[in-house]
Amino acid sequence: MKLTKRLFLGLAAGSALATLPLSALAEGWQPRRPIDFTIMAGPGGGADQIARFVQSVAEANDLTNRPLVPTNRGGGSGAEALLHLKDARDPDHTLMVTLNSFYTTPIRQEGLGVDIEAFTPITMMGVDPFVLWVHKDSGITTFEQFVERVKEMDGGFVMGGTGSGQEDSIVIAYMAGAYDLKIKYIPYDGGGAVAKDLAGQQIMATVNNPAEAKGFYEAGDFVPLLAFSDERMEAYPDVPTMKEKGHDFSYYNQRALVGAPGMSEEAAAYYREVFGKVYESDEWQKYLVSESLSPLPMDEAQTRAYWATQVQNHRDLLAKIAN
Amino acid sequence: MEILSFLADGVLLALLPINLFLIVIGVTVGLFIGAMPGLGSVNGVAILLPITFLVPPSSAIIFLAAIYYGAMYGGAISSVTLGIPGASTAVATTFDGRPLALKGRASLALVTAALASFVGGTVANIFFTLFAPLLASLALSFGPPEIFALMLLAFATFVGLGGDDIPKTVFSICFGLVLASVGFDTISGEPRLVLFDIPGFLRGIGFIVLAIGVYGIGEMLWTIEQTRGEITSMNPKMTVKGMVEDAREAARLGWRGTTIGSILGFFVGVLPAAGATPGSLMSYGVAKMMSRNPQDYGNGTPDGVAAPEAANNSASTGAMLPMLTLGIPGSPTTAILLGGMVIWGLTPGPRLFVDESEFVWGLIGSFYISNVAALVINLAFIPLFIWMLRMPFTILSPLIFVLSIVGGFAASHSMHDLWLIVIFGIGAFFMRKFDYPLAPAVLAIVLGPIAEPTLRQSLLLSSGDPTIFFTRPIAGPITVIAIVLILLPALKLFRRNRAVVHS
Amino acid sequence: MRQGEISLAGLLALFSLYLMWKATDLPIGYIRGQGPGGGFWPFWLSLGMLLSCLVIAWNWWRGKTPASRSDEPLMDGFGWRTVVLVGGGVAAFVALISVVSMYGAIAIFLFYYLRFLGRHSWLLTLGLALILPIGLFFFFEGAMQISMPQGMTFTQPFFDVMYDIIY
């Protein structure tokens, strides 16, 4: 046993020497362990892609002295990730990439006992708008024709989405309410699968993020009819918005980083600086443009206020769907 | 002929020194990651994604594809040597690979797996090169009813797999299918079957948890108890001459399974919702059905290793197709590759073949080269894996337990799942004592999460009318074949019983 | 064996009943115009499990399976001891992870297994029990960037030192 003790002491001394310059240079708080980078969705979706993009940018530019370890915890529509953060054993090293299930899952599954206002805001990387798509072979080119077609089919019009209570179903439910439409809604387990079945015309229309439909749009297979953004989108200047149609409704999927509840101020400040740099990097700015994300920079206080309004909005929207 | 010149350019691109170097490193890394139970190509690809920022996009994707290939070869290694399917694609490989290893023929199993994988990969590459656009439209014509019909067919090919005890086999299938539905119901968006209200069940029960429990813990306990801890049958010998003989034997006894696996695997792999696992399972089932000696299956026939291995390699090449041409990932690994392409500023989708033809053909060229590299590297490392089996069993068994637990955590990141592994393991041991076949449960937990949602999506489409499975042009014939295959053994049984009564 | 067969079937039948009960949280019927409800699949398949158990019990009563005819004990003393020592060892291994971290638990488990069950030499036991966890640490935390559980707080300083080495 003596041997091993000495070995460890030697290793410890060696490593202390090796890290001395680094820790002397560093100001303030630095992570000491690998950073748990929880993703609120399964592999392959938009949230996963963004998380891995952010991680790659941070890694490529050497922004953190400890690695970001991406882990998919998409179980129970993000409930798994929320519980993981809530009970994080080391809040200073636990971050999460969110989507809107951050708001909806705690409302829909009250038994979880998750209060998102306890979480620590880090950085808002951008918000992802939603667009209504149809296949070009349907012959529909405007939103008015779409409404007419849905009414004609009287309940036979089929749309796909990622499940009841998910982002796109909220948008579809709002649209159906506003125009008195009867739509048959088929849930899938991811935005990619939805886009594929629209391309194969298994379903007739979808509400997808532009990133998921872009490939088919560029090939001319998909036709965008309506955007659910505040203003017309740069990439789709001819597509009208829901607001122009006289309904005060816009809906975005948030792409934000949050820290575990109870994260220390110093740690939060550190991560805000790191991901602020990622946000400003050329790579991310290009990504925002190419994937049609809208920037929405916010500081901590603004984020908290934003959360409060989002929770209220979602509570109202979900209550409307339930009726 | 245009295709051939594109392909030649692609192969030349893959043969550039830097790309060749990346292929060799990628395949080797992938092979070892794939050989660890619980780790698979998805881990390898995810970790190395940031590194690929340092090289041009075409080299980066070649590197990632090489890892993907290496891991597919590696999956067979843990199935054969440890008896634990490291990935769902390698489940069927254990059925015959493990018995061969216990007979002392682990090297035959590994050589067969390597050769079959090579053939499967190459056949798939040729299909891919020649018919990519056509196959993409085939993939699109598969909606939920077609996928469900395909799952039905996958089950049908496995009817004969269970033991002789029919109620116990039925129990095992139902058990796997119920476990598959634990967690969350995507259709209604509600939590479901959260057993004993433990929040850990919200994430569902993964295939890997059941597989490691059953094979890594349960089967090991059973072996230790049965042999009184003194295994002598695993006594592998390893010489170059032996390997050449193994290769001959593999070619002689495994060609049929390889052929079936290569073709069937590819077509199932191309369908985005299905992927490599159903492809390899169906190939095993079909190979058994078409064999003249079906009773050899499960007792260690090289054909039973060749079919699923050819299929899973062929299918994983096939799975690249919907990713490239439609931008739709067929598996978690291709999902991450897709993310990589977005990072490099490429838009996967119908335009990719036109807009980025150099990139696409470089990638396809690298498939051919990776496949050769994977075969050579895999064969070179076989003696190392065989050497592991030579360890005394009292050293090998704790190592398998440790790898099971560590690998189980690496795959799930949850202590809850580790406890489930222990519970499944001990449960599986007792069920094994009373001849409950557990392979059907493991298969069911893989196919269940595809079968249930597609069943319900189809019925939503048809407003609850089940004839949708018979009236659609592709789903109809598949459903009918599946039902006939399911009824066939029952009919035979009925006849046999009548014959017994009459005599 | 005879007793074991029916006890196991009984246990599994109870578990099937629990699953059926749990599945009724969501609609288990066929909803008009929509197809099966959320509880349909697990409920009817659990019923399938239950029915299989009943057939197993019937086969047991008729003495159709080898186990139901055998009067031998399930396992002899050696068998039970093996299962308790090995199976219990694995369970203890998992329990220890939350206390002494994954790597600590691996070391303890290997030590226990190699020395007390395998009766290997001290050199081999200690060698493997120390080298393997350290090797796995470098493999998982360093190469694969997968963080393993770290146990109670007293293991923290050790991990911090190790992380300083590898990053």
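Mentor: Strand β8 (residues 205-208) of chain A is covered on both faces. Ala205(A) and Val207(A) lie on one side, Thr206(A) and Asn208(A) on the other, and all are buried; a residue is buried if 20 or more other C-beta atoms, placed from the backbone, lie within 10 Å of its own, exposed if 12 or fewer, and partly exposed in between. Strands here (E, at least two residues) and helices (H or I, at least four) are DSSP runs, numbered from the N terminus. This is a predicted model, in which local features need pLDDT of at least 70 and side-chain atom pairs count only at pLDDT 80 or more, while totals for chains, interfaces and linings use all residues. Residues are numbered from 1 along each chain as its sequence is written, and chains are lettered from A and ligands numbered from 1 in the order in which they are written.

Two strands pair if DSSP finds at least two bridges between them. Strand β5 (residues 131-135) of chain A runs antiparallel to β8(A) and is joined to it by four bridges; within this pair, Leu132(A) has Val207(A) as its bridge partner. Strand β6 (residues 158-161) of chain A, by contrast, runs parallel to β8(A), with two bridges between them. Strands of a sheet pair through backbone hydrogen bonds, either parallel or antiparallel.

These pairs belong to an open sheet of five strands in chain A, with the order β7-β6-β8-β5-β9 and mixed pairing. Its edge strands are β7 (184-187) and β9 (222-227) of chain A, each of which pairs on one side only. On average, neighbouring strands of this sheet are turned by 30° against each other, direction ignored; the axes are lines fitted to C-alpha atoms, for helices over the stretch in contact, and angles run from 0 to 180 degrees between N-to-C directions.
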